[in-house]
Amino acid sequence: MEEMPEKIEIRQKFPSWREMLKPVKEFEEGRLSYISLPKQVDSEFFKMPFGDVERDFDDLKLPENWKEIFLDALKETLEKNRSFKLFMDICVRCGACADKCHYYIGTGDPKNMPVARAELLRSIYRRYFTPAGKLFGEWAGARELTEDVLKELYYYFYQCSLCRRCSLFCPYGIDTAEIVWWGRRILSRIGLNQRFMTISIEASSRTGNHLGLLPGGMYGAIQQGLEELKDYTGFDLHTYMNKKGADILFVAPSGDYFATPHWYVMLGYLLLFNELEEKYGLTITWSTYASEGGNFGTFHSYEAAQLLNSKIYKEAERLGVSFIIGGECGHMWRDKHQFINTMNQPPKHEEWRKFWENPDLGELAEGLRGIRFDSYASGEHGWIHILEFVAALLEHKKITVDKSRNDKWIATYHDPCNLARGVGLIEEPRYVIRNVMNNFYEMPEHTIREKTYCCGAGGGMLADEIMDLRMRGVMPRMMAVRHVYRKYGVNILLTPCAIDKAQFPHALEYWKIPIEVGGPMEMVGNALVLTAFGEKPEDRQFDLRGEPLKEEEEGE
């Protein structure tokens with residue numbers, strides 16, 4: 001782990017647009033992502049062009065015809081993606097997006113303004129694909145494609161978390177994240193890939209999850225979770241792995257199997273699934289093949305995202321399930337929503353087809369009749385988000401909860417970018433939290449829901465070597481958290497995103513905000529009364545962290 005910066009100083013610069021065309025040649029330590037090593041992009045599972053070359057930022061070792069490859073890839077992207085071509089042409093550089101980017105706010109670097117970041121690629125487009133750029137050069141905002149320009153592209157395209165907050169404020173609807181995304185794909189064509197991201201993609205294509213966990217490791221982790229739950233509840237609980245004929249395939253982000261505070265969320269899943277099977281006969285299986293719901297390919301290229309997404313549908317077909325539930329992950333839902341119509345075909349087996357003709361849970365478990373999935377925000381092509389699922393169970397009074405079990409927690413909620421802006425999953429998490437907790441406070445309105453600030457580590461930015469950038473990028477979110485901490489005494493920040501859960505503990509420590517991080521499903525697990533097992537509300541003594549549910553009064 002790289003050390004966090006001792007102190008953040010923001011030095012804003014305001015160069016002219018003509019100056020902005022000059023590529024930077026000094027690259028800040030803590031903001032430059034490492035380039036992938038051959039073994040990470042040239043395995044039998046994940047292959048990238050020119051992936052057998054070991055390169056670094058000082059010596060890119062580009063192929064001889066790299067410029068031709070780059071421009072051919074740019075031409076292909078312009079011809080195949082109408083939105084990308086439109087975004088290249090319609091920006092008027094009004095600056096509405098400028099101060100909406102958390103990285104610009106945190107660094108003061110003008111090239112981290114979304115409009116300026118897009119201009120890095122747009123200037124090349126003008127030079128080689130527009131008459132004005134060919135004729136007038138920099139007077140038309142065009143520039144030559146050189147190795148210095150290429151380094152600048154890599155440097156800044158990996159200072160963007162693809163959060164799309166800028167697009168929310170753009171009067172023309174330009175999605176700068178899409179520009180960056182296609183730009184990263186073009187860079188990969190000449191062998192420039194970010195190391196942290198491709199490590200995860202290669203591991204997931206090889207083993208089914210980003211951590212590279214083999215089946216025994218995953219199964220052992222979940223068994224350990226069941227043993228912990230017996231200590232907390234007194235009940236012998238179980239789980240299914242690779243169960244053919246189960247009703248549902250459940251896919252979580254791999255961080256839930258080992259990391260903290262993700263672990264407590266996984267315990268919440270297990271409690272809920274046991275209650276639903278015991279009470280209603282609904283069977284839910286995990287898979288050691290499709291053991292990762294997140295998709296780092298979504299940060300890299302369409303092809304990588306498609307590769308990783310395909311394994312889940314293949315497993316759903318093999319196991320014969322009726323639908324898929326996805327766990328607490330942010331970027332899991334971007335490809336499931338934004339690209340799913342063209343990415344992979346849903347399963348075609350009879351159980352799947354029959355359920356989606358009438359997507360009522362009563363078709364699988366009579367006691368759950370009336371819970372329908374055809375109007376769910378995340379329900380395209382057979383996927384349901386765990387928090388939508390729990391919201392429906394609560395609304396139809398199919399599970400029993402005791403809100404007082406969470407009374408020691410005073411919570412606020414962070415909207416993950418890919419849930420709030422990517423899927424529109426905004427009210428359901430809040431509905432769940434308010435139904436399992438008594439103490440919940442929102443952060444300021446301009447920092448939540450569709451306007452949510454990013455955690456600063458999404459889009460492949462969770463790499464250790466850019467810790468300075470991460471702590472700068474998370475600053476706007478931390479200022480909002482500090483506000484509710486001071487005003488309401490908030491002591492836990494809840495978020496249904498694995499990257500948020502990995503980033504926020506470091507950020508809270510750095511920004512000196514002494515609160516915990518957790519997920520909504522942890523609070524659901526605490527509050528859930530296992531009525532099917534004979535549990536009464538007062539029976540549970542410990543929460544999912546193994547701590548007493550109620551804090552002892554002074555003098556006791």
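**View 1. Pro416 and its contacts from elsewhere in the chain.** Setting aside neighbours within four places in sequence, Pro416 is in contact with Gly330, Thr495, Pro496, Cys497 and Asp500; contact here means heavy atoms within 4.5 Å. This is a predicted model, in which local features need pLDDT of at least 70 and side-chain atom pairs count only at pLDDT 80 or more, while totals for chains, interfaces and linings use all residues. Residues are numbered from 1 along each chain as its sequence is written, and side-chain values use heavy atoms, with hydrogens and water left out. Look for Pro416 in the loop between β7 (411-413) and α20 (417-420). Helices (H or I, at least four residues) and strands (E, at least two) are DSSP runs, numbered from the N terminus. Pro416 has a relative accessible area of 2%, so it counts as buried (buried is under 20%, exposed over 50%, partly exposed in between, with a 1.4 Å probe and protein chains only).

**View 2. Arg165, a buried residue without a salt bridge.** Arg165 sits in helix α9 (residues 165-169). What is the nearest side chain of opposite charge to Arg165? That is Asp99, 6.7 Å away; Lys and Arg count as positive, Asp and Glu as negative, and His and the chain ends are not counted. A salt bridge needs a side-chain nitrogen of Lys or Arg within 4 Å of a carboxyl oxygen of Asp or Glu. A polar atom of the Arg165 side chain does lie 2.8 Å from the backbone oxygen of Lys451, and one lies 3.1 Å from the backbone oxygen of Lys100.

**View 3. Arg164 and Asp175, a salt-bridged pair.** These two side chains meet at 3.2 Å, N to O. Arg164 is in the loop between α8 (147-157) and α9, and Asp175 is in the loop between α9 and α10 (176-189), 11 residues apart. Both Arg164 and Asp175 are buried.

View 4. The side chains of Glu427 and Arg449 form a salt bridge (3.1 Å, N to O). Glu427 belongs to helix α21 (residues 427-436), while Arg449 is in the loop between α21 and α22 (467-473), 22 residues apart. Glu427 is partly exposed, at 41% relative accessible area, whereas Arg449 is buried, at 17%. A network of salt bridges links Asp415, Glu427, Arg430, Arg434, Glu442, Glu445 and Arg449.

Methods
Polar contact = N/O pair within 3.5 Å; in protein donor to acceptor, adjacent residues only side chain to side chain.
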